[in-house]
Amino acid sequence: MSQPALTIASLLSDPRLERACRSWLKGGRYRLEDLGSLPDPVQELIQRRDTFDVVLLQQGSISPQVYDDLRNQGLVLPAVVVGEVSGRVDYHEAEVHLPQDQLEQITYSVDAAVSRFLRRGLSSAAGPDGQAEAASATPEPWRLTNRLQGRLGYLGVFYKRDPSLFLRNLPQPERDELLRSLERSYRDLLISYFKDPAAANQAIESFVHSAFFSDLPINKVVEIHVDLIDVFWKQLKLEGHKNDFLQDYRLALLDVMAHLCEMYRRSVPPDVPLRVAPDAFAQAPDPNDDSQLPSQEVI
């Protein structure tokens, strides 16, 4: 059964970036509306707040004051921020960051943004005092957590991944593009791992989200790590530098595996959910459904 479509408000100011994102957000699951080309995209977002499920942002195109105003009004949406992975938080702590050279992963980033938002809402995580007061003043029917749970069910996309987006189910050209994109993501986290912990953690989250929602085989993660370390080793040797320190980057692989294991652990539905949507468990689970199990397949 196909999942409900997510309506995405694009506040991207760069038309080329918007077109690139639109080309990857194809299919019936995502509806992208271009607000970035309007005279006042933020005001349009505020006026049509009950229309959108996710917001697509461009790093640096909106001032911190505007984000503060949105939070103070209780307008906090699942967000994907396109731009450099620097460790900085632009909109809220549940946002997902995606570099511009890795847009092949945007569908997985959107699903990850919704799942992080739902998890944050379900845990009743409190934000700053102003944000908490604004959220409490927001009418109950509008609160996005309630709307998403009502449409997607309690489990939402966090527990139910889309098998059609699994790496092994993609056409070969798309599979190759996604793998190259994931390699760039992993390279980013290796480069920043020891010199910028905040950026490294954000890069790890970006990679792990895509690995989880694309059902990237565990042995493929190891293969990406080994191949990149081998490239670094050869480059350092060619330049006459020491390369024995590269073995320390095994910690990065362990860190990625720990994050990925936690994603799978949280993807297992609890025995007794705190809040269950009316039809969340209307059907018995399919014993042949492997959408929650980590793949061990070699690609």
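How much accessible surface does the protein chain have, and what share of it belongs to carbon and sulfur atoms? The accessible surface comes to about 14,800 Å², and 53% of it belongs to carbon and sulfur atoms; such areas come from the Shrake-Rupley method with a 1.4 Å probe, and for residues only the protein chains shown count as cover. Welcome to a predicted model, in which local features need pLDDT of at least 70 and side-chain atom pairs count only at pLDDT 80 or more, while totals for chains, interfaces and linings use all residues. Residues are numbered from 1 along each chain as its sequence is written, and side-chain values use heavy atoms, with hydrogens and water left out.

**The chain as a whole**

- The secondary structure of the protein chain comes to eleven helices and five strands; helices (H or I, at least four residues) and strands (E, at least two) are DSSP runs, numbered from the N terminus.
- Of the 299 residues in the protein chain, 48% are buried. Buried means under 20% relative accessible area, exposed means over 50%, and partly exposed lies in between (1.4 Å probe, protein chains only).
- Among contacts in the protein chain with a separation of 6 or more, 75% are between residues 24 or more positions apart. A contact here means heavy atoms within 4.5 Å.

**The sheet**

- Five strands form an open sheet in the order E2-E1-E3-E4-E5, with parallel pairing. Two strands pair if DSSP finds at least two bridges between them.
- At the edges are E2 and strand E5 (96–98), each of which pairs on one side only.
- Neighbouring strands of this sheet are turned by 25 degrees against each other on average, direction ignored. For such angles, axes are lines fitted to C-alpha atoms (for helices over the stretch in contact), and values run from 0 to 180 degrees between N-to-C directions.
- Strand E1 (residues 6–10) pairs with E3 in the parallel sense over three bridges, and Ala-9 stands opposite Val-55 in E3.
- Helix H1 (residues 15–24) packs on the sheet and touches E1, E2, E3 and strand E4 (79–82). The direction of H1 makes about 165 degrees with that of E2.
- E3 and E4 run parallel and are joined by four bridges; Leu-57 has Val-81 in E4 as its bridge partner.

**A closer look at E4 and Val-81**

- In a regular strand the side chains alternate between the two faces of the sheet.
- In E4, Ala-79 and Val-81 point one way, Val-80 and Val-82 point the other way, and all are buried.
- Why does Val-81 count as buried? Val-81 is buried because its relative accessible area is 1%.
- Leaving aside neighbours within four places in sequence, Val-81 is in contact with several residues, including Leu-57, Asp-90 and Leu-98.
- Gln-59 is another contact of Val-81; the two C-alpha atoms are separated by 6.0 Å, although the residues are 22 apart along the chain.

**Salt bridges**

- Side chains of opposite charge can pair when their charged atoms come close.
- A search of the whole structure finds 17 salt bridges, each being a side-chain nitrogen of Lys or Arg within 4 Å of a carboxyl oxygen of Asp or Glu.
- Glu-33 forms a salt bridge with Arg-48, with 2.6 Å between the closest N and O atoms. Glu-33 lies in strand E2 (residues 30–34) and Arg-48 in the loop between helix H2 (41–47) and strand E3 (54–58), so the pair ties together parts 15 residues apart in sequence.
- Glu-33 counts as partly exposed, at 27% relative accessibility, and Arg-48 also counts as partly exposed, at 24%.
- Asp-215 forms a salt bridge with Arg-168, with the closest N and O atoms 2.4 Å apart. This pair links distant parts of the chain, 47 residues apart: Asp-215 is in the loop between H9 and helix H10 (218–238), and Arg-168 is in the loop between helix H7 (156–159) and H8.
- Asp-215 counts as buried, at 2% relative accessibility.
- Arg-88 forms a salt bridge with Asp-90, the closest N and O atoms being 3.0 Å apart. Arg-88 is partly exposed at 42% relative accessibility, whereas Asp-90 is buried at 12%.
- Arg-29, Asp-111 and Asp-162 are linked in a network of salt bridges.
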